Amino acid sequence: MEQNEKINPPKHFSERAAIKSMQDFEALYEAAAYDPDKFWAEQAGAIHWFAKWNKVCDWSNPPFAKWFVGAKTNVAYNCLDRHLTTWRKNKAAIIWEGENFEQRILTYQELHRKVCKFANALKQLGLKSGDRSIIYMPMTPEAAIAMLACARLGIIHSVVFGGFSAEALKTRINDLEAAAVITADAGLRRGKEVLLKQNVDDALANNECPSVKNVIVHKRIGSLTKMQSGRDHWWDDLTTGISEVCPAEELDSEHPLYVLYTSGTTGKPKGVVHSTGGYLTQVVATMKWVFDLKDEDIYWCTADIGWVTGHSYVVYGPLAAGATTLLYEGAPDWPKPDRFWRIIEKYRVNIFYTSPTAIRSFIRQGDDWPNNRDLSSLRLLGSVGEPINPTAWHWYNRVIGKERCPIVDTWWQTETGSIMISPVPGATPAKPGSATRPLPGVMAEVVDDKGEPVKVGKGFLVLSKPWPSMLRTIYNNPERFKSGYWSRYPGKYFTGDAATIDEDGYIWCLGRVDDVLNVAGHRLSTMEVESSLVRHKTVAEAAVVGAPHELKGEAIHCFVTLKQEFHGSDALTEELRQWVATEIGALAKPERIYYVAALPKTRSGKIMRRLLREIVTTKSVSGDTSTLEDYSVILKLSQQGKEEEEILGEKK
Ligand code: WTA
């Protein structure tokens, strides 16, 4: 790692930035560290409150934090109503581009009207504050409208990524006991229809989700859709002729805004619960610090609303900050590899925030695609979701940013709610590959096994003080919240990431140390994939590990033992890969499947995943299964002759 390479923010950028220098940044950081309550109270001043708090942070019952205790606010009010009394009422709130080049632009006023109408429709169906709803939609303005309408009424939403299967949808509906599902007939992906409503029907079949009383369907495509009378309603039917007046509920600061399911170390995804007041306060603060937002900016974060980035930095953050946020429905390479650059050219995008996986795939497609488009509007670039390798960083800087745009490499998690570690673009010198330093109010530390801070070197990344946008609990599972995050280092939040800290206090995230995979920036647990595999009739046991992948960061490699009567074959490999894709979603489709006679286990019967990971990491496994011969040798060696636990050879 070339840890000493430092790139200063471009002078022209710093001059216009809200935080112009490291002195300004340090002053802010110091103020936050010195008196966090005062600092966060000041930040909270940037949003609207119906009633003020009587305490900023209540940490009397750790790890259950409360922020802005006793205060009342509403996230949708902050994203909409507040702007209507200003010149922003006619500003574009959402610019939407469909995959098929359709275009819609909604001003704050129009967005407000649509949200109020849809909220009234939800009310008419009997939904109320505290109820849970699922949003399973393509990237359309209606997805944001659905989120905001729920937020307006205090209905706790859970957005399920449109690429997830009916099975995954069902698990989430049932964990939440959701009363309603908001969906669309279909979405578009690389010109093909993604049949969302069909997946909802499959999830609800045989009364397997008894809590769901209503399904609301937005007609995106007009594809053939079966509607079940009494249960299913067309969005347009519900909102036609309905009142445009719908006051925002004055919600407690701690009222849950949403639950977002993410992968942990067990097979069952966990429902991360986010709050209202603290969440919005920190999302808005980071929006300003990290993106140095200006009123005239066109801001584009390419994340899907199914992920936390889509919640905090496509919908809630930009709208609460009064920005113009761009939503694009489809694939980056459709119909040609320059679609993103075309969109930047067309709308004169100023701030562009995407993932390292996307950047790596652009590199592969060649520089001509971006070079043939006018990218001169860009002034700031961002990266999120996985470590960005220095080569990709430099390409992004040179080919997309033309060495004019600072790059913010932002580290955070579904659980943290907002960006925790990132350069402040007008101040922090970048080091390619490092997310640099924690933002004001964030106490990030790299600690050793015992929890002692590492001054310079490698360790585990922890957050040692509560922060306003932190997750409040795991839905229906406070025990998992405690044990999953707060037990390894008592009093400190364990991120699950390994990291290095250098002599400048810069943090370099190295990736997960638990059984969580990061495939193309998407989180998946090894157990989730294993559980899916063993549900297949041929599979006896499965062990899943992540192997480095040039494009996706990590790819899924599965070691499988078959039941006696079955044998490995190419056909079975395809069947198993498809099986997992159908059970979880295409993003979980295994890269490789290895048939083995036995899995390496410890004496206590635990699968030695670390060993398997080592094997797929150190051995170049691409393409060639014959190297599996070597695996068995390594396994033999590592198990020091424990014959009964050896891998005895492969069937393929
Ligand atoms: C990884 C996405 C390095 C990390 C917002 C974390 C990163 C996990 C970065 C969370 C980054 C995220 N550099 N690694 N800039 N950003 N990660 O919950 O391992 O989908 O724990 O949240 O992604 O993924 P999640």
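Proline 335 sits in the loop between strand S17 (324-328) and helix H12 (339-347). In this predicted model, the peptide bond joining tryptophan 334 and proline 335 is cis, with omega about -5°.

**Another cis peptide bond**
- Going from proline 62 to proline 63, the peptide bond is cis, and omega is near 5°.
- Look for proline 63 in the loop between strand S1 (55-58) and strand S2 (66-69).

**Two asparagines with positive phi**
- Asparagine 206 has phi near 55°, a positive value in a residue other than glycine.
- You can find asparagine 206 in the loop between helix H8 (196-204) and strand S11 (214-218).
- Asparagine 206 has a relative accessible area of 68%, so it counts as exposed, the cut-off being over 50%.
- For asparagine 207, phi is also positive, near 55°, and its place is in the loop between H8 and S11.
- Asparagine 207 is exposed too, because its relative accessibility is 59%.

**Around the ligand**
- There are 17 residues around the ligand, and Asp409, Thr410, Thr414, Arg512 and Arg523 come nearest.
- By class, this shell holds six nonpolar, six polar and five charged residues.
- A polar side-chain atom of arginine 523 is 2.8 Å from an oxygen atom of the ligand, while one of glutamine 413 is 2.9 Å from a ligand oxygen atom.
- From glutamate 386, a backbone N or O atom lies 3.4 Å from a nitrogen atom of the ligand.
- The ligand taken alone exposes 530 Å², and the protein buries 95% of that.
- Helix H11 (308-320), strand S20 (407-410) and strand S25 (507-512) are the elements that each give two or more residues to the shell.

Technical notes
Residues are numbered from 1 along each chain as its sequence is written. This is a predicted model: local features need pLDDT of at least 70, side-chain atom pairs count only at pLDDT 80 or more; totals for chains, interfaces and linings use all residues. Side-chain values use heavy atoms; hydrogens and water are left out. A residue is near a molecule or strand if one of its heavy atoms lies within 4 Å of it. A polar contact is a pair of N or O atoms within 3.5 Å; within protein, one must be able to donate a hydrogen and the other to accept it, and residues adjacent in sequence count only if both atoms are side-chain atoms. Accessible areas come from the Shrake-Rupley method with a 1.4 Å probe; for residues, only the protein chains shown count as cover. Helices (H or I, at least four residues) and strands (E, at least two) are DSSP runs, numbered from the N terminus. Ala, Val, Leu, Ile, Met, Phe, Trp, Tyr, Cys and Pro count as nonpolar, Asp, Glu, Lys and Arg as charged, and the others, Gly among them, as polar. Buried means under 20% relative accessible area, exposed over 50%, partly exposed in between (1.4 Å probe, protein chains only).
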